[in-house]
Amino acid sequence: MSGWADPREQIEFSVLMANGRLAGRTFGSRAEAEAWAQDDEIVVEYNLVCECAV
């Protein structure tokens, strides 16, 4: 096993805040992002290769 991971499957989590901006940090899991987010904020996921919402 080479330890290679498909970068298309590497997902980053963040929080879209109520003011329309992304939080200034990322999270290791959706659960961590949801715990950090306020009620009026949305957890978002990004692919690390193209930074596209998934």
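These legends describe close-up views of a predicted model.

**View 1**
The protein has one helix and two strands. Read from the N terminus, these elements run β-α-β. Strand β1 covers residues 11-16. Helix α1 spans residues 30-36. Strand β2 takes in residues 42-47. Of the 54 residues, 24% count as buried. The protein exposes about 4100 Å². Carbon and sulfur atoms supply 50% of that area. Now take the contacts with a separation of 6 or more: residues 24 or more positions apart account for 42% of them.

**View 2. Seven residues make up the largest nonpolar core.**
Its members are Phe13, Val15, Ala23, Phe27, Ala33, Ala37 and Val43. Find Phe13 and Val15 within residues 11-16, the range of strand β1. Ala33 falls within residues 30-36, the range of helix α1. Val43 falls within residues 42-47, the range of strand β2. Phe27 belongs to this core and sits in the loop between β1 and α1. In soluble globular proteins, nonpolar side chains tend to be buried together.

**View 3. Phe27 is a buried loop residue.**
The loop between β1 and α1 holds Phe27. Is Phe27 buried or exposed? Phe27 has a relative accessible area of 7%, so this residue counts as buried. What does Phe27 touch, once neighbours within four places in sequence are left aside? The contacts are Phe13, Ser14, Val15, Glu32, Ala33 and Trp36. Among these partners, Phe13, Val15 and Ala33 are also members of the largest nonpolar core. Val43 is another core member. The C-alpha atoms of Phe27 and Val43 are 9.9 Å apart. Along the chain, these two residues are separated by 16 residues.

**View 4. Phe27 and Trp36 form a tilted aromatic pair.**
The model has one aromatic pair. Its members are Phe27 and Trp36. Their ring centres lie 5.4 Å apart. The angle between the planes is 50 degrees. Why is the pair called tilted? Planes under 30 degrees apart count as stacked and those over 60 as edge-to-face, so 50 degrees falls in the tilted class. The two partners can also be described by their accessibility. Phe27 is buried, at 7% relative accessible area. Trp36 is partly exposed, at 35%.

**View 5. Ser14 is a buried residue of strand β1.**
Ser14 is found in strand β1. Its relative accessible area is 4%, so Ser14 counts as buried. Where does the side chain of Ser14 reach? It comes to 3.1 Å from the backbone oxygen of Arg25. Leaving aside neighbours within four places in sequence, Ser14 is in contact with Leu22, Ala23, Arg25, Phe27, Ala33, Ile42, Val43 and Val44. Ala23, Phe27, Ala33 and Val43, all on that list, are also members of the largest nonpolar core.

**View 6. Arg30 takes part in a network of salt bridges.**
The structure holds three salt bridges. Which residues are linked in a network? They are Arg30, Glu34 and Glu45. The side chains of Glu34 and Arg30 meet at 3.2 Å, N to O. Both residues lie in helix α1, four residues apart, or about one turn of the helix. Glu34 is partly exposed at 44% relative accessibility. Arg30 is partly exposed too, at 32%. Glu45 also forms a salt bridge with Arg30, with the closest N and O atoms 2.8 Å apart. Glu45 lies in strand β2 and Arg30 in helix α1, so this pair ties together parts that are 15 residues apart in sequence.

**View 7. Arg8 and Asp6 meet in a salt bridge.**
Their side chains come to 2.7 Å, N to O. How do the two partners compare in accessibility? Arg8 counts as exposed, at 60% relative accessibility. Asp6 is buried, with a relative accessible area of 15%.

**View 8. Leu48 lies in the segment after β2.**
That segment is the place of Leu48. At 37% relative accessibility, Leu48 counts as partly exposed. Not counting residues up to four places away in sequence, Leu48 touches Gln10 and Glu12. Glu12 falls within residues 11-16, the range of strand β1. Look next at Glu9, 39 residues from Leu48 along the chain. The C-alpha atoms of Leu48 and Glu9 are separated by 8.1 Å.

Conventions: Residues are numbered from 1 along each chain as its sequence is written. This is a predicted model: local features need pLDDT of at least 70, side-chain atom pairs count only at pLDDT 80 or more; totals for chains, interfaces and linings use all residues. Side-chain values use heavy atoms; hydrogens and water are left out. Rings of Phe, Tyr and Trp (its six-membered ring) pair if their centres lie within 6.5 Å; planes under 30 degrees apart count as stacked, over 60 as edge-to-face and the rest as tilted. Buried means under 20% relative accessible area, exposed over 50%, partly exposed in between (1.4 Å probe, protein chains only). A nonpolar core is a set of buried Ala, Val, Leu, Ile, Met, Phe, Trp, Tyr and Cys residues joined through side-chain atoms within 4.5 Å. Contact means heavy atoms within 4.5 Å. A salt bridge is a side-chain nitrogen of Lys or Arg within 4 Å of a carboxyl oxygen of Asp or Glu. Accessible areas come from the Shrake-Rupley method with a 1.4 Å probe; for residues, only the protein chains shown count as cover. A polar contact is a pair of N or O atoms within 3.5 Å; within protein, one must be able to donate a hydrogen and the other to accept it, and residues adjacent in sequence count only if both atoms are side-chain atoms.
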